[in-house]
Amino acid sequence: MLLLLLGIVILHIAALVLLFVSTIVNAWTTGSTSSSDLWNNCSTTNGGYHCAPANTGEWIQAVQALMILSIIFSFISLFLFFCQLFTLQKGGRFFLTGVFQIFASLFVMSGAVIYTVMSPTWVHGSEAFGWAYIIAWVAFPLALISGLIYVILRKRE
């Protein structure tokens, strides 16, 4: 049981780290002379590096909010897991922890879908999706799987 709990915690922390990295890093879309993320749209022109803030529409603010919510809900889920680990009675399920983690996964999925659909109106046509965008998509199934494991898991003594 201890190894199972340790594995779930490692999976949860891995998903949380991926959410942090994908939200912070400037590589959601990359090109030869420019890169974009949730916060800035940067380009190299005439030997200079110029960044413009990401204030081109409500959709980017929705993606920002959803990614931040996914981090908050995942952190709350981890905190609730440790609280329930010591207070939950034998045979009880980690239902609340699982629900918060599943919400975190749905938030990151929604943010990534909105970015996928709306980014062609904001970034240059020569750019491709970057590694931070891919990390956000990898964080979605990890968070969903850990949330489902929490819902199924029963506490044993």
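Student: Is Gly130 buried or exposed?

Tutor: Gly130 is buried, with a relative accessible area of 5%. Buried means under 20% relative accessible area, exposed over 50%, and partly exposed in between (1.4 Å probe, protein chains only).

Student: What sort of model is this?

Tutor: This is a predicted model: local features need pLDDT of at least 70, side-chain atom pairs count only at pLDDT 80 or more, and totals for chains, interfaces and linings use all residues. Residues are numbered from 1 along each chain as its sequence is written, and side-chain values use heavy atoms, with hydrogens and water left out.

Student: Where is Gly130 found, and with which residues is it in contact?

Tutor: Gly130 is in the loop between E5 and H4; helices (H or I, at least four residues) and strands (E, at least two) are DSSP runs, numbered from the N terminus. Leaving aside neighbours within four places in sequence, Gly130 is in contact (heavy atoms within 4.5 Å) with Ala27, Trp28, Thr29 and Thr30.

Student: Turning to the sheet, in what order do the strands run?

Tutor: The order is E4-E3-E2-E1-E5, in an open sheet of five strands with antiparallel pairing. Two strands pair if DSSP finds at least two bridges between them. Strand E4 (48–53) and E5 are the edge strands, each pairing on one side only.

Student: Over how many bridges do E3 and E4 pair?

Tutor: Six bridges join strand E3 (residues 40–45) to E4 in the antiparallel sense. Within E4, His50 is the residue that stands opposite Ser43.

Student: Which residues of the largest nonpolar core touch the most other members?

Tutor: They are Trp28, Leu38, Met67 and Tyr115, in a core of 19 residues. A nonpolar core is a set of buried Ala, Val, Leu, Ile, Met, Phe, Trp, Tyr and Cys residues joined through side-chain atoms within 4.5 Å.

Student: What does Met67 contact?

Tutor: Neighbours within four places aside, Met67 is in contact with Leu19, Ser22, Thr23, Trp28, Leu38, Val108 and Ala136.

Student: What span should H3 have?

Tutor: The 24 residues of H3 should span 34 Å at 1.5 Å a residue, and its end C-alpha atoms are 34 Å apart, which agrees. The expected span is 1.5 Å times one less than the number of residues. The buried residues of H3 pack against H1, strand E1 (29–30), strand E2 (34–36), H2, strand E5 (128–129) and H4.

Student: How many aromatic pairs are there?

Tutor: The whole structure holds 14. Rings of Phe, Tyr and Trp (its six-membered ring) pair if their centres lie within 6.5 Å; planes under 30 degrees apart count as stacked, over 60 as edge-to-face and the rest as tilted. Phe73 and Phe103 are edge-to-face, because their ring centres are 6.2 Å apart and their planes stand at 90°. Phe73 lies in helix H2 and Phe103 in helix H3, so the pair ties together parts that are 30 residues apart in sequence.
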